[in-house]
Amino acid sequence: MKTVAQGFYQDPRIQQAKDLLRDAIIDHQKNLTGVKAADPALKDDYLATLKKFGDQRGGALFYQYLGSGIGNGALVELADGSVKYDFITGIGVHYMGHSNAQMTGALVDGAISNTVMNGHLQQNVDSARLVDVLSQEACKYGALTKNVFLCTSGAMANENGIKLIFQKRSPASRLFAFEKCFAGRTLGMAWVTDKAAYRQGLPKTIDVDYIPFYCESDHQGSIEAATRAMKKAIGRFPGQHAGFIMELIQGENGSWVGNTEYFEALIKVCKENNISVFADEVQSFARTHELFAFQHFKLDKHVDIVAIGKNSQVCATFFTDDHKPKPGLISQTFTGSSTQISSSLWILDQITKGGYLGKDGKIEQLHQRFKGHLDKMAAKHPSKIKGPWGIGAMVAMTLFEGDETKTKSFTMKLFENGVLSFMAGSAPARVRFLMPVLAVKMEDIDNVCALIEKTLTEME
Ligand SMILES: Cc1ncc(COP(=O)(O)O)c(C=O)c1O
């Protein structure tokens, strides 16, 4: 016996429609072959739309960017007819690149499903498939975070995780987090995020004690400083810490990378003090040698909660059985749209089976190619550019000794020259790149690096 839906999705007309759509995408995206300047005839309208949009949304956009609706891998066409390399991908979201023709089938499956959205009261069978894949992948090296709760933003995935921790550890009400971390922009996460400007005028929601992040040039010193800071705060507020939310690779701060021994030293203190361990992987998911950064750092046995988002299209909170919530604590109307869910399944299939992971996987190859160019540039222009260069598909660089004004000006000039990057962090400010891993080619990296160097040489 088949359900009506099974018959529907296997209808040859639907396969035919998918093939036609895929072919149409390929035919049209062939016209996007490289960086291109805006069409002067479109420019005035484009700028007027941007201006109106900026006014109506209550603030101008960072870049003069409005996509036209088509792209070709790492290339994206804007509505002014210009074509640019997208090496920031909506801050780490468009993992598949632009107009990925191979993905057409998954997108169509989502688009023709009976509802636009799925939610916690009613969801389709694909949600169960997605949760199963995520759960198995998260636990494959022995982690106990087998429960997976879907939602629609990284901040919400973090909020849900924090709620589970507070409920389990009640009445403990404080958190640990890393200095300069970013956790999202809800009222709760604004107080976890270590940036005063992002919570200006907001009432305090959570008390957070900050731990200095790992410093590669002072391995032992940073372990000692961090554990000392943690023990001091525990001594000051005995029994009051419920959890430690760890951004294992600090994305918004400029792709700073942690270290296993360092994390383990802090986790040991947490375990001794009944403090839950939470890995915020909203940005790092699918960007290191392993699907999860906690797997890359071999913290499988230690994590109680994990949050993912961005590349996964659907966001999720993973938790151990002993962090299961009481009824009513977490739920949202939406888990994600049907296309988000079918796309997420497609992306996970590609990344886990397509040779991307592992020490010699495609992600590492992309990193090495990028790093090779940046090393050469740093040798040629030592006063303008230096590392560290980040990790895997989270590449970053420090320009002009981290000067914020010059760094911003560089990102704007690079945009004009045809590449989307983004600023990150402060003191030092950095420039970062989140590549469209499933679509980017080595020659794209070569071309982008040539444009980075051109832009650097244009700046004093
Ligand atoms: C580490 C981290 N956590 C949480 C978030 C918040 O995710 P979202 O913007 O989807 O709410 C981000 C977003 O940049 C992030 O980088």
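These legends accompany close-up views of a predicted model.

**Figure 1. The whole chain.** The protein chain holds 15 helices and 20 strands. Its radius of gyration is 23 Å, close to the 23 Å that the globule rule gives for 460 residues, so the chain is as compact as a globular protein of that length. Along the principal axes, the C-alpha atoms fill a box of roughly 70 × 65 × 45 Å.

**Figure 2. Two domains in one chain.** Domain 1 is made of two stretches, 31-92 and 359-458. Domain 2 covers 111-353. Between the C-alpha centres of domain 1 and domain 2 lie 27 Å. Domain 1 brings 25 residues to the contact, and domain 2 brings 22 residues.

**Figure 3. The area buried between the domains.** The size of an interface is often given as the accessible area lost when the parts come together. Here, domain 1 and domain 2 bury about 2,000 Å² between them. Carbon and sulfur atoms account for 58% of that area. On the side of domain 1, the residues that lose the most area to domain 2 are I391, M394 and L438. Together these residues make up 32% of what the domain 1 side buries.

**Figure 4. Polar and charged links across the interface.** The interface of domain 1 and domain 2 has 11 residue pairs in polar contact, with both residues at pLDDT 80 or more. How many salt bridges cross the interface of domain 1 and domain 2? The rule finds 1.

Figure 5. Several elements of domain 1 each supply at least two residues that touch domain 2. The helices are helix 4 (89-92) and helix 13 (362-380). The strands are strand 16 (390-391), strand 17 (394-399) and strand 20 (430-434). The residues on this side of domain 1 divide into 15 nonpolar, 6 polar and 4 charged.

**Figure 6. The side chains of E252 and R432.** Side chains of opposite charge can pair when their charged atoms come close. E252 and R432 meet through their side chains in a salt bridge. The N to O distance is 3.0 Å.

Figure 7. D322 sits in the loop between strand 13 (315-319) and strand 14 (336-337), while K168 belongs to helix 7 (residues 154-169), so the pair ties together parts that are 154 residues apart in sequence.

Methods:
Residues numbered from 1 in each chain as written. Heavy atoms only, no water. Domains from an automatic or database assignment. Contact = heavy atoms within 4.5 Å. Buried area = accessible area lost by both parts, 1.4 Å probe. Salt bridge = Lys/Arg side-chain N within 4 Å of Asp/Glu carboxyl O. Polar contact = N/O pair within 3.5 Å; in protein donor to acceptor, adjacent residues only side chain to side chain. Helix = DSSP H or I, 4+ residues; strand = E, 2+ residues; numbered from the N terminus. Nonpolar A, V, L, I, M, F, W, Y, C, P; charged D, E, K, R; others polar. Rg over C-alpha atoms; globule rule 2.2 N^0.38 Å.
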